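Please look over the sequence and the model before reading on. The paragraphs below go through the structure one region at a time.

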Amino acid sequence: MTMVTTRPRTLIIGAGISGPVTAMFLQRAGWEVAVYEARDRVEMDEGAFLNLAPNGVNVLKLLGIDIEREADGFPASGLTFFNTSGKELGAIDSRDDEARFGARSVVLKRANLHRALHAAAAVAGVPFHFGKRLTGIEQRPDRVVATFADGTTAAGDVLIGCDGIHSRTRHLILPRAPKPVYTGIVDCGAFVTPAPPVPPTPAMRMVFGDNAFVGYLARPDGEVYWFCNVAWAKEPARGELDAISSADWKHRLSGLLAGEADPILRIVATTTGEIGKWPIYDIPSLPTWHQGRVCLIGDAAHATSPHVGQGASTALEDAAELARCLRDISTPTQAFVAFERIRKDRVEKLVARARRTGSQKAVTNPVQAWFRDRLLGLFLRFGKRSNDWIYAYRVPWNEPVTG
Ligand SMILES: Cc1cc2nc3c(=O)[nH]c(=O)nc-3n(C[C@H](O)[C@H](O)[C@H](O)COP(=O)(O)OP(=O)(O)OC[C@H]3O[C@@H](n4cnc5c(N)ncnc54)[C@H](O)[C@@H]3O)c2cc1C
């Protein structure tokens, strides 16, 4: 007689950054997986760029993914900071990251990152269902049932909410949990090619402008990637930013950046493609990340503002760590408890750090700016090792979860 065993099944909600990676790790842990994404495949080709730090790159290495190659990325060798008149204030040199942390930071177009993660997951046999917007969750004693906006349903043993900062999963399992907090900043950014020549440095140039914080960097082929943080006191209403055309936004930026040193204005002026605009939120702390058969990870659990460039990397760490807990602990609820215990302190420390960094970018008081201009270089020089705990972190995938 042959014994038929069924593998436990996970419903993964969201195919952004953590969703496909959670699916790949869980598959390795012996689970059956399926990913449900609200958007269609083409809509996922949107977004600007992000910096994936060594800790995030190392998670993907565990899956055999060389993300720099697969997603057409390029390394950033550090950050150089300037004030509004173009004076260099200090620098973070990351050229030894590979030797120190086992990986270097990679700059990636978000669309390429999505494509690369989806392709790797598809090769691993992960099924994706696009156009499936989660609307409801029903928890039964023996399973969890997800309902989607198109009226279809799916059942599994557990459901993982990888559905980002405005997570529907979070709303459904923790309706009274704190909502994402708007940070008073709108981020915008785009790509320019052909671009005005920018200094040929492989470090990203970050400028504390009079009215905005700007970052830009040229790829080795000359295409320029840029972003700009703009103070925007009132939380934008739904659709408000989308209603502003790129031409109008450029006009607005030209006013804000009029006093900045070359080539910032020329970079913005020569941008011909769509300029993306994103209100920035974070979630300082949730009382818990799980309920019954459902668990949240990534931005759904602990969204961070992008000022320390860790949101994607911590979402990837979560993906591996949660799969490790579900692999080694026999009941999902206990696995979720262990996952939260292992992860919460680290990610909440990062959310708080990003919040503080964001508020320093928005310095408009001349006295504070005077001190910043004199102290930033010293702070960066002597504080270099203070980020080691962020980048050196490794998910111990090959070790069993204990305790
Ligand atoms: C402007 C900006 C710049 C950033 N720059 C950086 C950076 O340089 N470095 C860095 O590490 N991080 C950066 N981040 C943060 C990073 O993008 C996030 O932390 C990361 O994307 C989180 O991954 P995730 O998988 O949790 O969520 P996401 O990547 O947001 O994925 C969520 C997915 O869920 C889907 N979804 C939503 N609702 C539903 C639903 N009801 N049903 C089904 N699917 C649903 C969404 O369509 C989406 O595809 C930046 C963020 C912003 C806004």
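**A walk through the predicted model**

Helix α2, residues 54-62, is mostly covered, with 7 of its 9 residues buried. These buried residues are P54, N55, G56, V57, N58, V59 and L60. Just after α2 comes G64, which takes a positive phi of about 80 degrees. As for the origin of what is described here, the model is a predicted one.

Three strands, in the order β3-β7-β4, make up an open sheet with antiparallel pairing. Its edge strands are β3 and β4, each of which pairs on one side only. Helix α5 packs on this sheet, where it touches β3 and β7, and the direction of α5 makes about 90 degrees with that of β7.

The pairing can be followed residue by residue. Between β3 and β7, which run antiparallel, there are 4 bridges. Within this pair, F49 stands opposite K109 of β7. On the other pairing, β4 (residues 74-75) is joined to β7 by 2 bridges, and these two strands also run antiparallel. F74 has V107 of β7 as its bridge partner, while P75 has V106 of β7.

Are the residues of β7 buried or exposed, and which way do they point? In this strand, residues 106-109, V106 and L108 point one way and V107 and K109 the other way. All of them are buried, including the lysine K109.

Helix α5 itself covers residues 110-123, and H118 lies in it. What is the setting of H118? Leaving aside residues up to four places away in sequence, H118 touches A15, G16, P20, M44, F128 and F130. The relative accessibility of H118 is 7%, and because buried means under 20%, H118 counts as buried.

One of the residue pairs here is N83 with F208, its bridge partner in β14.

A backbone N or O atom of I17 lies 3.2 Å from an oxygen atom of the ligand. For N51, a backbone N or O atom is 2.9 Å from a ligand oxygen atom. For A312, the distance from a backbone N or O atom to an oxygen atom of the ligand is 2.8 Å.

How much of the ligand does the protein cover? On its own the ligand has 1,000 Å² of accessible area, and the protein covers 86% of this.

The last stop is helix α11, residues 332-361, which holds A335. Not counting residues up to four places away in sequence, A335 touches C325, L326 and I329. Why does A335 count as buried? A335 counts as buried because its relative accessibility is 0%, and the cut-off for buried is under 20%. A335 and Y391 are 56 residues apart along the chain, and their C-alpha atoms are separated by 25 Å.

Conventions
Residues are numbered from 1 along each chain as its sequence is written. This is a predicted model: local features need pLDDT of at least 70, side-chain atom pairs count only at pLDDT 80 or more; totals for chains, interfaces and linings use all residues. Side-chain values use heavy atoms; hydrogens and water are left out. Buried means under 20% relative accessible area, exposed over 50%, partly exposed in between (1.4 Å probe, protein chains only). Contact means heavy atoms within 4.5 Å. Two strands pair if DSSP finds at least two bridges between them. A polar contact is a pair of N or O atoms within 3.5 Å; within protein, one must be able to donate a hydrogen and the other to accept it, and residues adjacent in sequence count only if both atoms are side-chain atoms. Accessible areas come from the Shrake-Rupley method with a 1.4 Å probe; for residues, only the protein chains shown count as cover. Axes are lines fitted to C-alpha atoms, for helices over the stretch in contact, and angles run from 0 to 180 degrees between N-to-C directions.
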